[in-house]
Amino acid sequence: MAGAEAFVEADNAEAIITRIEHKSRKIESLLKQFKPVEALKTALEGSPPKTQDERCKSANWIVVHRAIMAIKDVDGMFSSLDPEYYDILMKYLYRGLSTGDRPTCDQCLRIHAKLTERAGLGCILRCLADTIFMLQATCKFFHFLLVSYHMHLQLPSIRER
């Protein structure tokens, strides 16, 4: 019966938004206490919201993004982060990569490399197989990598050829 309750609750977007706002305040408090890993754990708990409402998904992404960007010591993060968070973190890393925002992409790539070392390729495959959105994000990720590679090698733009 718990599954049925979760489904009914997921249809109530305002209740989900309220929970996300509460989570956001808790994360800000943890960040002020210099506890970024605890903030990330809090952000990932109960994520993603069980809803199709884009407002809820966007609000939750903002909260998770804030926690991801606060991580400075990626190795230290993984010494404190339980494996139960790995798959959901991978989903949000791809969401971050799909933004195309340079600082967000750089941070997500740093964490992605370490997460893949720790969790293996299965974590990537589970993430990609989960939703169509993730496949779209992956395409944007590979485009980002291609553009970055061209910039790094100082090659002419693909469009200039």
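Thr104 is buried, with a relative accessible area of 2%; buried here means under 20% relative accessible area, exposed means over 50%, and partly exposed is in between, using a 1.4 Å probe and protein chains only. This is a predicted model, where local features need pLDDT of at least 70 and side-chain atom pairs count only at pLDDT 80 or more, while totals for chains, interfaces and linings use all residues. Residues are numbered from 1 along each chain as its sequence is written, and side-chain values use heavy atoms, with hydrogens and water left out.

So what is around Thr104? Its side chain makes a polar contact of 2.6 Å with the side chain of Asp101. A polar contact is a pair of N or O atoms within 3.5 Å; within protein, one must be able to donate a hydrogen and the other to accept it, and residues adjacent in sequence count only if both atoms are side-chain atoms. Leaving aside residues up to four places away in sequence, Thr104 touches Trp61, His65, Met69, Gly96 and Thr99, where contact means heavy atoms within 4.5 Å.

Thr104 belongs to helix α7, residues 102-119. Helices (H or I, at least four residues) and strands (E, at least two) are DSSP runs, numbered from the N terminus. The buried set in α7 is Thr104, Cys105, Gln107, Cys108, Ile111, His112, Leu115 and Thr116. They cover an arc of only 160° around the axis, which puts them on the same side of α7; the arc is that of the directions from the helix axis to the C-beta atoms. As background, an α-helix has 3.6 residues a turn, so residues three or four places apart point the same way. The length of α7 also checks out: at 1.5 Å a residue, its 18 residues should span 26 Å, and the end C-alpha atoms are 25 Å apart, which agrees. That expected span is 1.5 Å times one less than the number of residues.

Next, helix α3 (residues 36-44). Seven of its nine residues are buried, so α3 is largely enclosed by the rest of the structure. The buried ones are Val37, Ala39, Leu40, Lys41, Thr42, Ala43 and Leu44, and their cover includes α2 (13-32), α4 (54-70), α5 (74-80) and α6 (86-97).

| Helix pair | Axes come within | Crossing angle |
|---|---|---|
| α2 and α4 | 9 Å | roughly 10° |
| α4 and α6 | 11 Å | roughly 95° |

That makes α2 roughly parallel to α4, and α4 roughly perpendicular to α6. Axes are lines fitted to C-alpha atoms, for helices over the stretch in contact, with angles from 0 to 180 degrees between N-to-C directions. Angles under 35 degrees count as roughly parallel, over 145 as roughly antiparallel, 65 to 115 as roughly perpendicular and the rest as oblique. Among the residues where α4 meets α6 are Trp61 and Val64 in α4, and Tyr92 and Gly96 in α6.

A few backbone spots are worth a look. Phe34 has a positive phi near 60° despite not being glycine; Phe34 is in the loop between α2 and α3 and is exposed at 73% relative accessibility.

Zooming out, the protein chain has nine helices and zero strands. Buried residues make up 40% of its 161 residues.
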